[in-house]
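Please look over the model shown below, and then read the briefing that follows, which is grouped by topic.

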Amino acid sequence: MVPRPEVDEREARRVAEQSRDTRWDQPSFAKELYLGRFRPEILQNHLAPDSDPDEGGAAFLGRLREVLAGIDGAAIERAAKVPQDALDALAQAGAFGMKIPTEYGGAGLGQVYYNRALMLVGTVSPALGALLSAHQSIGVPEPVRQFGTEEQKARFLPRCAAGEISAFLLTEPDVGSDPARLHLRATPDEDGNYVLDGSKLWATNGSIADLLVVLGRVPEQDGHPGGITAFVVEADSPGITIERRNAFMGLRGLENSLTRFSNVVVPAANMLGQEGRGLKIALSTLTTGRLSIPAMCVAASKWSLKIGREWARERVQWGRPVGEHAAVAHRIAFMATNTYAQEAVLELTSRLADADRADVRIEAALAKLFTSERAWLIADHLVQIRGGRGYETADSLQARGERAAPVEQVLRDLRINRIFEGSTEIMHLLIARDAVDTHLSVAGDIIDPDAAGQDKARAAVRAAGFYAAWLPGLLAGQGMVPGSYADFGPLARHLRFIERASRRLARSTFYGMARWQGGLEHKQGFLGRVVDIGAELLAMTAVCLRARTQQEDGSAPNSARLAASYCRQARRTVARLFHDLWINTDASDEQTARAVLRGDLNWLEAGILDPSENTGPWIAPDEALR
């Protein structure tokens with residue numbers, strides 16, 4: 001058994017920081033927003049219909065619809081398995097190569113039509129959507145397309161486009177969002193190959209994959225700089241064992257494995273990029289890969305809205321359809337406005353990714369965070385509107401002669417999206433780090449306890465120059481001019497609010513840095529609210545831009561009214577978050593949590609039985625997984 005590296009907080013932070021892309025070569029709307037500079041012009045040119053880069057996208061969606069019409073999502077849920085004939089049909093339609101360039105046998109879709117395809121698939125079977133997404137959003141196709149050599153592209157991409165399934169293996173039994181603890185070893189041998197030893201947990205598609213992207217730690221030695229490195233691995237290589245297929249509360253058809261590597265030989269030609277660049281490759285892949293989750297969330301929200309609307313008109317209580325009762329109407333309004341906001345954010349970020357003229361790393365992360373949280377709330381509202389039928393399974397409903405609407409399944413299936421590819425808590429921290437990147441680049445050494453005196457002095461000079469120019473710009477802006485953004489019509493007042501709120505958010509972030517300095521990274525409640533305010537402002541911007549476009553082309557009646565309704569809700573949310581930045585229960589909550597963890601409040605748990613006791617350790621040691 002290879003010893004797991006001992007990693008303290010400082011080392012974990014260093015590894016995470018080294019894996020970040022610190023360059024900002026292209027403009028970023030969200031980064032500017034957090035700096036108090038509202039710049040909708042970065043976004044506006046990418047929303048017009050004629051900016052659609054995929055002429056064949058609509059035709060592909062038509063073919064995909066035909067295939068999906070023959071796939072029984074309910075059967076997948078019952079059997080907890082995607083049948084091979086469904087996979088074969090999807091492969092024949094090109095669904096496994098949607099984002100792969102045409103020269104390698106793929107459909108060559110951009111992010112917009114890829115997401116629309118996932119929405120279609122997800123409404124038939126979210127498990128099938130997760131399979132296709134994991135295969136090409138983070139599996140072999142995307143990292144090879146971005147970072148592979150020409151030889152690697154020619155060798156692997158046609159296979160993936162033809163239907164060979166891929167998986168991405170990063171997580172380990174004791175490693176989640178802390179890659180510094182990564183355990184799997186990739187040891188160079190005398191023949192120039194690498195030998196993999198270790199285990200990977202929660203590998204989506206891992207139990208049926210043909211190709212794997214595996215991240216392992218190369219030891220530092222002569223001729224090898226070492227570090228976390230990415231490899232493409234043939235899944236049938238000797239020494240690879242699927243220990244088990246994992247089962248979950250939702251996505252019952254998901255093929256997710258615990259995979260063990262024992263003396264698995266991988267040719268050096270299968271290394272992606274360079275030694276030590278594995279995390280950078282993984283994070284870069286995730287930038288646009290994360291947009292597959294918003295696509296699935298938007299699909300679930302649209303379906304939930306449809307079911308909620310139809311049921312609220314059909315079900316009568318006290319002489320009126322339940323949707324006409326105010327308590328239910330409020331839920332339906334939330335579902336409609338937030339479905340629209342999610343789709344606006346998804347379309348906007350997808351078009352930005354396709355245009356490749358803006359840095360979308362923060363926008364993509366915000367889209368994942370925003371849509372995963374809102375879709376969950378929408379599904380919860382649907383369960384409540386459906387009442388007992390919302391809690392009943394589709395099979396049970398159908399067995400007694402009613403429509404088989406799988407509402408409880410949607411709730412179960414959606415829950416993982418708040419954890420997949422970065423939990424909500426981790427996303428808050430990742431986005432916050434990028435949001436304050438400019439501040440840390442000019443003043444980081446001032447608050448860094450490890451910085452030398454001369455570094456602090458240089459940082460003080462840089463900071464003085466930056467803040468002398470930046471802070472005055474936060475005092476006034478277009479949001480204070482009544483006629484600003486007049487081309488948005490009635491929505492202009494919401495754009496003015498966004499501009500004012502952006503400057504206020506930047507001032508608040510600066511006050512937080514001044515108050516807590518190096519301790520700001522531990523103020524996770526504060527940072528989370530900063531991020532959430534930015535997410536709301538991004539969503540408000542997206543709905544206003546989308547509504548204006550739809551009004552101009554006539555594609556969506558009443559879109560401006562729907563956008564205004566969402567913006568009114570969002571403004572209340574933003575006001576609450578600003579209030580909670582400074583007036584909150586964070587300190588007392590953290591004290592209570594420490595008391596719980598110390599065991600001071602164990603008396604609160606009296607009077608129950610815990611059937612899970614003595615069933616196994618919280619994290620199984622490697623020897624128990626063999």
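**Briefing on the predicted model**

Asp356 is found in the loop between H13 and H14, where helices (H or I, at least four residues) and strands (E, at least two) are DSSP runs numbered from the N terminus. This is a predicted model, in which local features need pLDDT of at least 70 and side-chain atom pairs count only at pLDDT 80 or more, whereas totals for chains, interfaces and linings use all residues. Residues are numbered from 1 along each chain as its sequence is written, and side-chain values use heavy atoms, with hydrogens and water left out.

**Backbone with positive phi**

- Asp356 has a positive phi of about 55° although it is not a glycine, and with 52% relative accessibility Asp356 counts as exposed; here buried means under 20% relative accessible area, exposed over 50%, and partly exposed in between, with a 1.4 Å probe and protein chains only.
- Trp202, which is not a glycine either, has a positive phi of about 60°; Trp202 lies in strand S3 (residues 194–204) and is partly exposed, its relative accessible area being 49%.

**Nonpolar cores**

- The largest nonpolar core has 64 residues, of which Tyr34, Leu366, Ile431, Leu537 and Val543 touch the most other members; such a core is a set of buried Ala, Val, Leu, Ile, Met, Phe, Trp, Tyr and Cys residues joined through side-chain atoms within 4.5 Å.
- At least two residues of this core come from each of helix H2 (29–34), helix H3 (41–44), helix H13 (326–355), H14, H18, helix H21 (492–516), H22 and H23, and H22 gives the most, with 15 residues.
- Apart from this core lies another, of 34 residues, among them Leu90, Ala93, Leu109 and Tyr114.
- In soluble globular proteins, nonpolar side chains tend to be buried together.
- Ile431 is in contact with Tyr34, Ile362, Ala365, Leu366, Leu369 and Val531, leaving aside neighbours within four places in sequence, where contact means heavy atoms within 4.5 Å.

**Helix H18**

- With twelve residues, H18 reaches 16 Å from its first C-alpha to its last, close to the 16 Å expected at 1.5 Å a residue, the expected span being 1.5 Å times one less than the number of residues in the helix.
- The buried residues in H18 include Thr424, Met427, His428 and Ile431, together with Ala432, Arg433, Asp434 and Ala435.

**The second largest pocket**

- About 390 Å³ of space lies in the second largest pocket; on a 1 Å grid over the protein atoms alone, a pocket is an open set of points with protein on both sides within 12 Å along at least five of seven lines, a cavity is a set of points where a 1.4 Å probe fits but cannot get out, and lining residues have an atom within 4 Å of a point.
- Of the 19 residues that line this pocket, Leu369, Glu373, Thr424, His428 and Asp532 are the closest to its centre.
- Helix H14 (361–386), helix H18 (424–435), helix H22 (524–553) and helix H23 (559–582) each supply at least two residues of the lining of this pocket.
- The lining of this pocket has six nonpolar, four polar and nine charged residues, where Ala, Val, Leu, Ile, Met, Phe, Trp, Tyr, Cys and Pro count as nonpolar, Asp, Glu, Lys and Arg as charged, and the others, Gly among them, as polar.

**The cavity**

- A search of the whole structure finds one cavity of 30 Å³ or more, and the largest cavity has a volume of about 40 Å³; grid points are joined across faces, edges and corners, and a volume is the space filled by probe spheres set on the points.
- The largest cavity is lined by Gly73, Ile76, Glu77, Ser125, Pro126, Ala127, Leu251, Arg252, Gln409 and Asp413.
- Helix H5 (73–79), helix H8 (126–138) and helix H17 (407–415) are the elements that give two or more residues to this lining, and H5 gives the most, with three residues.

- Arg503 is found in helix H21 and is buried, with a relative accessible area of 4%; not counting residues up to four places away in sequence, Arg503 touches Gly36, Gly473, Leu474, Leu475, Ala476, Gly477 and Met480.
- Ala161 has its place in helix H10 (residues 150–162) and, at 7% relative accessibility, counts as buried.
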